[in-house]
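Keep the sequence and the 3D view side by side as you read. We will go through this structure one part at a time.

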Amino acid sequence: MAAYDHFLKIDSLTKRFEQKNRAEIITVIDNVSMAIDEGEFIVFLGPSGCGKTTLMRIVGGLETATSGSVVLEGDYVTGPDRKKGMVFQSYSSFPWLTVLDNIMFGLKYRSDVSEKEKDEIARHYLDLVGLKGFESFYINRISGGMQQRVAIARTFAAGPDILLMDEPFGALDAQNREFLQVQLLDIRRAERKTVIFVTHDVEEAVFLADRIFVFSARPATILEEVTVGDYLPGERSLATKENDEFFRLRNRIMALTREQARRTEEMMVAGKT
Ligand SMILES: Nc1ncnc2c1ncn2[C@@H]1O[C@H](COP(=O)(O)OP(=O)(O)O)[C@@H](O)[C@H]1O
Ligand SMILES: [Mg+2]
(Lines give C-alpha, C1' and ligand atoms only; values in the text may rest on other atoms or scores of the structure.)
(Ligands and ions follow the chains in the order given, each with its own letter.)
Protein backbone atom coordinates (compact mmCIF):
# COMPACT_ATOMS: atom_id res chain seq x y z
CA MET A 1 0.00 0.00 0.00
CA ALA A 2 1.43 3.35 -1.02
CA ALA A 3 2.02 6.03 1.60
CA TYR A 4 -0.11 8.60 -0.24
CA ASP A 5 -3.77 9.00 -1.19
CA HIS A 6 -3.32 9.90 -4.83
CA PHE A 7 -0.55 9.31 -7.31
CA LEU A 8 -0.63 12.97 -8.36
CA LYS A 9 -2.31 15.75 -6.46
CA ILE A 10 -2.63 19.34 -7.64
CA ASP A 11 -3.86 21.54 -4.84
CA SER A 12 -5.25 25.10 -5.23
CA LEU A 13 -2.72 25.92 -7.93
CA THR A 14 -2.51 29.52 -9.11
CA LYS A 15 0.02 31.03 -11.51
CA ARG A 16 0.49 34.69 -12.30
CA PHE A 17 2.93 36.20 -14.76
CA GLU A 18 4.36 39.68 -14.81
CA GLN A 19 4.25 40.97 -18.35
CA LYS A 20 7.39 42.38 -19.94
CA ASN A 21 7.23 46.18 -20.25
CA ARG A 22 3.76 46.27 -18.75
CA ALA A 23 2.62 46.91 -15.22
CA GLU A 24 -0.19 44.40 -15.57
CA ILE A 25 0.10 40.97 -13.95
CA ILE A 26 -1.90 38.26 -15.68
CA THR A 27 -3.40 35.25 -13.97
CA VAL A 28 -2.90 32.19 -16.15
CA ILE A 29 -4.07 29.44 -13.81
CA ASP A 30 -6.70 30.16 -11.21
CA ASN A 31 -7.04 27.88 -8.21
CA VAL A 32 -6.90 24.52 -9.99
CA SER A 33 -7.15 21.32 -7.94
CA MET A 34 -7.31 17.71 -9.07
CA ALA A 35 -6.30 14.21 -8.09
CA ILE A 36 -4.99 11.62 -10.55
CA ASP A 37 -4.50 7.93 -9.92
CA GLU A 38 -1.71 5.70 -11.12
CA GLY A 39 -2.27 4.31 -14.61
CA GLU A 40 -4.86 6.89 -15.66
CA PHE A 41 -4.73 8.52 -19.07
CA ILE A 42 -5.66 12.14 -18.39
CA VAL A 43 -6.28 14.76 -21.05
CA PHE A 44 -6.10 18.51 -20.43
CA LEU A 45 -8.34 20.11 -23.04
CA GLY A 46 -8.63 23.83 -23.49
CA PRO A 47 -8.41 26.67 -25.99
CA SER A 48 -5.08 27.97 -27.18
CA GLY A 49 -3.52 30.39 -24.69
CA CYS A 50 -5.58 29.25 -21.71
CA GLY A 51 -2.61 28.03 -19.68
CA LYS A 52 -2.23 24.33 -20.51
CA THR A 53 1.49 24.44 -21.22
CA THR A 54 2.08 26.50 -18.10
CA LEU A 55 0.22 23.92 -16.00
CA MET A 56 2.20 21.06 -17.57
CA ARG A 57 5.49 22.89 -16.97
CA ILE A 58 4.54 23.33 -13.31
CA VAL A 59 3.65 19.63 -12.98
CA GLY A 60 6.96 18.81 -14.69
CA GLY A 61 8.87 21.06 -12.30
CA LEU A 62 10.07 23.42 -15.06
CA GLU A 63 8.05 26.34 -13.70
CA THR A 64 7.04 27.27 -10.17
CA ALA A 65 3.51 28.02 -9.03
CA THR A 66 2.58 31.38 -7.54
CA SER A 67 0.60 29.52 -4.90
CA GLY A 68 -0.66 25.99 -4.34
CA SER A 69 1.22 22.74 -4.80
CA VAL A 70 1.84 19.67 -6.89
CA VAL A 71 2.54 16.41 -5.08
CA LEU A 72 3.73 13.37 -7.05
CA GLU A 73 3.84 10.03 -5.26
CA GLY A 74 3.87 11.78 -1.91
CA ASP A 75 6.65 14.27 -2.73
CA TYR A 76 6.31 17.96 -3.52
CA VAL A 77 7.37 18.75 -7.08
CA THR A 78 10.17 21.31 -6.81
CA GLY A 79 12.05 20.70 -10.06
CA PRO A 80 12.46 18.34 -13.00
CA ASP A 81 13.68 14.78 -12.39
CA ARG A 82 13.57 11.29 -13.88
CA LYS A 83 10.12 10.57 -12.43
CA LYS A 84 8.62 12.98 -14.96
CA GLY A 85 9.07 12.34 -18.68
CA MET A 86 8.10 15.07 -21.12
CA VAL A 87 7.21 15.07 -24.81
CA PHE A 88 6.65 18.38 -26.56
CA GLN A 89 5.08 19.45 -29.84
CA SER A 90 8.38 20.24 -31.52
CA TYR A 91 10.53 17.27 -32.39
CA SER A 92 13.16 17.39 -29.72
CA SER A 93 15.56 14.78 -31.03
CA PHE A 94 19.26 15.01 -31.82
CA PRO A 95 19.87 15.25 -35.58
CA TRP A 96 23.45 14.01 -35.29
CA LEU A 97 22.36 10.74 -33.68
CA THR A 98 20.68 7.73 -35.22
CA VAL A 99 17.15 6.64 -34.31
CA LEU A 100 18.46 3.98 -31.92
CA ASP A 101 21.01 6.32 -30.31
CA ASN A 102 18.30 8.93 -29.80
CA ILE A 103 16.23 6.37 -27.91
CA MET A 104 19.35 5.22 -26.02
CA PHE A 105 19.90 8.81 -24.96
CA GLY A 106 16.83 8.53 -22.75
CA LEU A 107 18.63 5.77 -20.84
CA LYS A 108 21.92 7.62 -20.48
CA TYR A 109 21.43 8.57 -16.85
CA ARG A 110 19.88 5.33 -15.66
CA SER A 111 22.19 3.59 -13.24
CA ASP A 112 19.67 0.85 -12.38
CA VAL A 113 20.25 -1.06 -15.63
CA SER A 114 23.35 -2.49 -17.31
CA GLU A 115 24.58 -1.41 -20.75
CA LYS A 116 23.23 -4.63 -22.22
CA GLU A 117 19.81 -3.98 -20.65
CA LYS A 118 19.85 -0.42 -21.99
CA ASP A 119 20.24 -1.77 -25.49
CA GLU A 120 17.39 -4.22 -24.92
CA ILE A 121 15.11 -1.54 -23.48
CA ALA A 122 15.86 0.84 -26.37
CA ARG A 123 15.08 -1.88 -28.91
CA HIS A 124 11.90 -2.80 -27.05
CA TYR A 125 10.55 0.76 -27.40
CA LEU A 126 11.86 1.09 -30.94
CA ASP A 127 9.71 -1.92 -31.72
CA LEU A 128 6.69 -0.60 -29.79
CA VAL A 129 6.62 2.62 -31.81
CA GLY A 130 6.96 0.65 -35.03
CA LEU A 131 10.44 1.80 -36.04
CA LYS A 132 12.11 -1.58 -36.32
CA GLY A 133 14.33 -1.45 -39.39
CA PHE A 134 15.04 2.27 -38.93
CA GLU A 135 17.63 1.85 -36.12
CA SER A 136 20.53 3.33 -38.04
CA PHE A 137 18.65 6.14 -39.82
CA TYR A 138 19.63 9.68 -38.89
CA ILE A 139 16.80 11.80 -37.50
CA ASN A 140 16.82 14.31 -40.35
CA ARG A 141 16.26 11.46 -42.82
CA ILE A 142 12.91 10.37 -41.36
CA SER A 143 9.47 12.03 -41.41
CA GLY A 144 8.05 14.33 -38.72
CA GLY A 145 5.69 11.59 -37.55
CA MET A 146 8.60 9.17 -37.18
CA GLN A 147 10.63 11.79 -35.32
CA GLN A 148 7.83 12.20 -32.85
CA ARG A 149 7.69 8.41 -32.41
CA VAL A 150 11.42 8.51 -31.61
CA ALA A 151 10.77 11.21 -28.98
CA ILE A 152 7.99 9.10 -27.45
CA ALA A 153 10.16 5.96 -27.44
CA ARG A 154 13.01 7.88 -25.82
CA THR A 155 10.75 9.24 -23.10
CA PHE A 156 9.24 5.82 -22.34
CA ALA A 157 12.72 4.23 -22.34
CA ALA A 158 13.86 6.68 -19.66
CA GLY A 159 11.40 4.89 -17.35
CA PRO A 160 9.47 7.86 -15.91
CA ASP A 161 6.61 7.32 -13.45
CA ILE A 162 4.46 9.79 -15.35
CA LEU A 163 4.48 10.99 -18.96
CA LEU A 164 3.65 14.62 -19.68
CA MET A 165 2.80 15.10 -23.35
CA ASP A 166 2.16 18.65 -24.52
CA GLU A 167 0.31 18.62 -27.87
CA PRO A 168 2.77 15.99 -29.13
CA PHE A 169 0.84 15.42 -32.37
CA GLY A 170 0.01 19.08 -32.97
CA ALA A 171 2.43 19.49 -35.86
CA LEU A 172 1.32 16.35 -37.72
CA ASP A 173 -1.16 15.99 -40.55
CA ALA A 174 -4.49 14.28 -39.85
CA GLN A 175 -3.47 10.80 -41.06
CA ASN A 176 -0.23 10.74 -39.16
CA ARG A 177 -1.89 12.11 -36.09
CA GLU A 178 -4.50 9.37 -36.10
CA PHE A 179 -1.83 6.75 -36.65
CA LEU A 180 0.13 7.99 -33.65
CA GLN A 181 -2.99 8.16 -31.49
CA VAL A 182 -3.66 4.49 -32.14
CA GLN A 183 -0.04 3.65 -31.51
CA LEU A 184 -0.02 5.56 -28.24
CA LEU A 185 -3.08 3.57 -27.12
CA ASP A 186 -1.24 0.36 -28.03
CA ILE A 187 1.80 1.34 -25.98
CA ARG A 188 -0.48 2.30 -23.12
CA ARG A 189 -2.17 -1.06 -23.21
CA ALA A 190 1.22 -2.74 -23.00
CA GLU A 191 2.57 -0.51 -20.23
CA ARG A 192 -0.25 1.05 -18.18
CA LYS A 193 1.80 4.20 -17.61
CA THR A 194 0.20 7.31 -16.07
CA VAL A 195 -0.12 9.94 -18.79
CA ILE A 196 -1.18 13.58 -18.91
CA PHE A 197 -1.79 14.57 -22.50
CA VAL A 198 -2.49 18.16 -23.52
CA THR A 199 -4.53 19.01 -26.60
CA HIS A 200 -7.00 21.55 -27.93
CA ASP A 201 -8.48 18.90 -30.24
CA VAL A 202 -11.77 17.58 -28.82
CA GLU A 203 -11.81 14.43 -30.93
CA GLU A 204 -8.28 13.54 -29.89
CA ALA A 205 -9.19 14.11 -26.25
CA VAL A 206 -12.27 11.87 -26.35
CA PHE A 207 -10.46 9.15 -28.29
CA LEU A 208 -7.49 8.90 -25.91
CA ALA A 209 -8.68 9.80 -22.43
CA ASP A 210 -9.87 7.90 -19.43
CA ARG A 211 -10.69 11.29 -18.00
CA ILE A 212 -10.73 14.78 -19.54
CA PHE A 213 -10.32 18.03 -17.66
CA VAL A 214 -11.95 20.72 -19.78
CA PHE A 215 -10.37 24.10 -19.08
CA SER A 216 -11.86 27.54 -19.51
CA ALA A 217 -10.28 30.37 -21.48
CA ARG A 218 -7.51 32.14 -19.54
CA PRO A 219 -7.20 32.05 -16.64
CA ALA A 220 -7.51 28.28 -16.77
CA THR A 221 -10.08 26.90 -14.37
CA ILE A 222 -11.65 23.44 -14.58
CA LEU A 223 -14.95 23.86 -16.41
CA GLU A 224 -15.87 20.22 -16.36
CA GLU A 225 -14.37 16.86 -15.66
CA VAL A 226 -15.53 14.13 -18.05
CA THR A 227 -15.01 10.47 -17.23
CA VAL A 228 -14.84 9.13 -20.78
CA GLY A 229 -14.82 5.57 -19.46
CA ASP A 230 -18.48 6.06 -18.45
CA TYR A 231 -19.38 6.42 -22.15
CA LEU A 232 -16.80 4.49 -24.12
CA PRO A 233 -15.05 1.15 -23.66
CA GLY A 234 -11.58 1.27 -22.12
CA GLU A 235 -10.17 -0.58 -25.13
CA ARG A 236 -10.31 1.79 -28.10
CA SER A 237 -9.68 1.39 -31.78
CA LEU A 238 -10.38 3.51 -34.83
CA ALA A 239 -13.85 1.91 -34.91
CA THR A 240 -14.55 3.74 -31.62
CA LYS A 241 -14.67 6.96 -33.63
CA GLU A 242 -17.71 5.62 -35.53
CA ASN A 243 -19.57 4.93 -32.31
CA ASP A 244 -22.74 7.01 -31.56
CA GLU A 245 -21.61 7.59 -27.99
CA PHE A 246 -18.34 8.96 -29.32
CA PHE A 247 -20.19 11.50 -31.46
CA ARG A 248 -22.53 12.51 -28.67
CA LEU A 249 -19.69 13.06 -26.23
CA ARG A 250 -17.57 14.86 -28.79
CA ASN A 251 -20.45 17.19 -29.71
CA ARG A 252 -21.27 17.96 -26.11
CA ILE A 253 -17.67 18.85 -25.28
CA MET A 254 -17.34 20.85 -28.50
CA ALA A 255 -20.29 22.99 -27.48
CA LEU A 256 -18.54 23.61 -24.18
CA THR A 257 -15.21 24.56 -25.76
CA ARG A 258 -16.71 26.70 -28.54
CA GLU A 259 -17.82 29.25 -25.97
CA GLN A 260 -14.32 29.30 -24.45
CA ALA A 261 -12.68 29.77 -27.85
CA ARG A 262 -14.98 32.74 -28.44
CA ARG A 263 -13.92 34.25 -25.10
CA THR A 264 -10.27 33.77 -26.08
CA GLU A 265 -10.87 35.64 -29.34
CA GLU A 266 -12.50 38.49 -27.48
CA MET A 267 -9.49 38.74 -25.17
CA MET A 268 -7.16 38.88 -28.18
CA VAL A 269 -9.19 41.61 -29.84
CA ALA A 270 -9.16 43.55 -26.57
CA GLY A 271 -5.37 43.19 -26.53
CA LYS A 272 -5.31 41.25 -23.30
CA THR A 273 -3.04 38.49 -24.48
N1 LIG B 1 7.03 33.10 -19.09
C2 LIG B 1 5.91 33.79 -19.34
N3 LIG B 1 5.83 35.12 -19.06
C4 LIG B 1 4.71 35.82 -19.28
N5 LIG B 1 3.58 35.29 -19.77
C6 LIG B 1 3.58 33.98 -20.08
C7 LIG B 1 4.74 33.15 -19.87
N8 LIG B 1 4.44 31.87 -20.26
C9 LIG B 1 3.16 31.91 -20.68
N10 LIG B 1 2.64 33.15 -20.57
C11 LIG B 1 1.26 33.56 -20.91
O12 LIG B 1 0.38 32.65 -20.29
C13 LIG B 1 -0.74 32.41 -21.11
C14 LIG B 1 -0.95 30.91 -21.26
O15 LIG B 1 0.09 30.35 -22.03
P16 LIG B 1 0.24 28.79 -22.26
O17 LIG B 1 0.35 28.11 -20.94
O18 LIG B 1 1.33 28.58 -23.22
O19 LIG B 1 -1.17 28.42 -22.92
P20 LIG B 1 -1.61 27.14 -23.80
O21 LIG B 1 -0.55 26.11 -23.68
O22 LIG B 1 -2.93 26.71 -23.24
O23 LIG B 1 -1.76 27.62 -25.22
C24 LIG B 1 -0.49 33.13 -22.42
O25 LIG B 1 -1.24 34.34 -22.41
C26 LIG B 1 0.99 33.40 -22.40
O27 LIG B 1 1.29 34.58 -23.10
MG1 LIG C 1 0.58 25.13 -25.13
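The crossing of helix 4 and helix 5 is right-handed. This is a predicted model. Find helix 4 at residues 144-157 and helix 5 at residues 174-191. Their axes lie 11 Å apart, at an angle of about 20 degrees. Angles under 35 degrees count as roughly parallel, so helix 4 and helix 5 are roughly parallel to each other. Which residues make the contact? Helix 4 brings G145, Q148, R149 and F156. Helix 5 brings N176, F179, L180 and I187. Sort the residues of this contact by type, and you get 4 nonpolar, 3 polar and 1 charged.

Stay with helix 4 and turn to its contact with helix 3, which covers residues 115-128. Here the axes come within 9 Å and cross at roughly 140 degrees. Angles over 145 degrees would count as roughly antiparallel, and 65 to 115 as roughly perpendicular. From helix 3, the residues I121, A122, Y125, L126 and L128 take part. They meet A153, F156 and A157 of helix 4. How do the residues of this contact divide by type? There are 8 nonpolar residues, with no polar and no charged ones. Look again at F156: this residue of helix 4 meets helix 3, and F156 also belongs to the contact with helix 5.

Now move to ligand 1. It has 13 residues around it. Which come nearest? They are F17, V28, K52, T53 and T54. The whole shell divides into 3 nonpolar, 8 polar and 2 charged residues. Helix 1, at residues 52-59, gives the most to this shell, with 3 residues.

Is helix 1 mostly covered or mostly open? It is mostly covered, with 6 of its 8 residues buried. The buried ones are K52, T54, L55, M56, I58 and V59. After helix 1 comes G61, and its phi is positive, near 85 degrees.

Next, pick out F197. It sits in strand 8, which runs over residues 194-199. Is F197 buried or exposed? Count the other C-beta atoms within 10 Å of its own, and you find 25. The cut-off for buried is 20 or more, so F197 is buried. Set aside the neighbours within four places in sequence, and F197 is in contact with F41, V43, M165 and L208. For a sense of scale, go on to G229, 32 residues from F197 along the chain. The C-alpha atoms of F197 and G229 are 16 Å apart.

Finish with T98. Its place is in the loop between strand 6, at 84-87, and helix 2, at 99-105. T98 has 17 other C-beta atoms within 10 Å. Buried needs 20 or more and exposed needs 12 or fewer, so T98 is partly exposed. Beyond its neighbours within four places in sequence, T98 is in contact with E135, S136, F137 and Y138. How far is T98 from R189 in space? The distance is 27 Å, C-alpha to C-alpha, and the two are 91 residues apart in sequence.

Note on methods. Residues are numbered from 1 along each chain as its sequence is written. Chains are lettered from A and ligands numbered from 1 in the order in which they are written. This is a predicted model: local features need pLDDT of at least 70, side-chain atom pairs count only at pLDDT 80 or more; totals for chains, interfaces and linings use all residues. A residue is near a molecule or strand if its C-beta atom, placed from the backbone, lies within 6 Å of it. Helices (H or I, at least four residues) and strands (E, at least two) are DSSP runs, numbered from the N terminus. Ala, Val, Leu, Ile, Met, Phe, Trp, Tyr, Cys and Pro count as nonpolar, Asp, Glu, Lys and Arg as charged, and the others, Gly among them, as polar. Two residues are in contact if their C-beta atoms, placed from the backbone, lie within 7 Å. Axes are lines fitted to C-alpha atoms, for helices over the stretch in contact, and angles run from 0 to 180 degrees between N-to-C directions. A crossing is left-handed if the near helix is turned anticlockwise from the far one by less than a right angle, and right-handed if clockwise.
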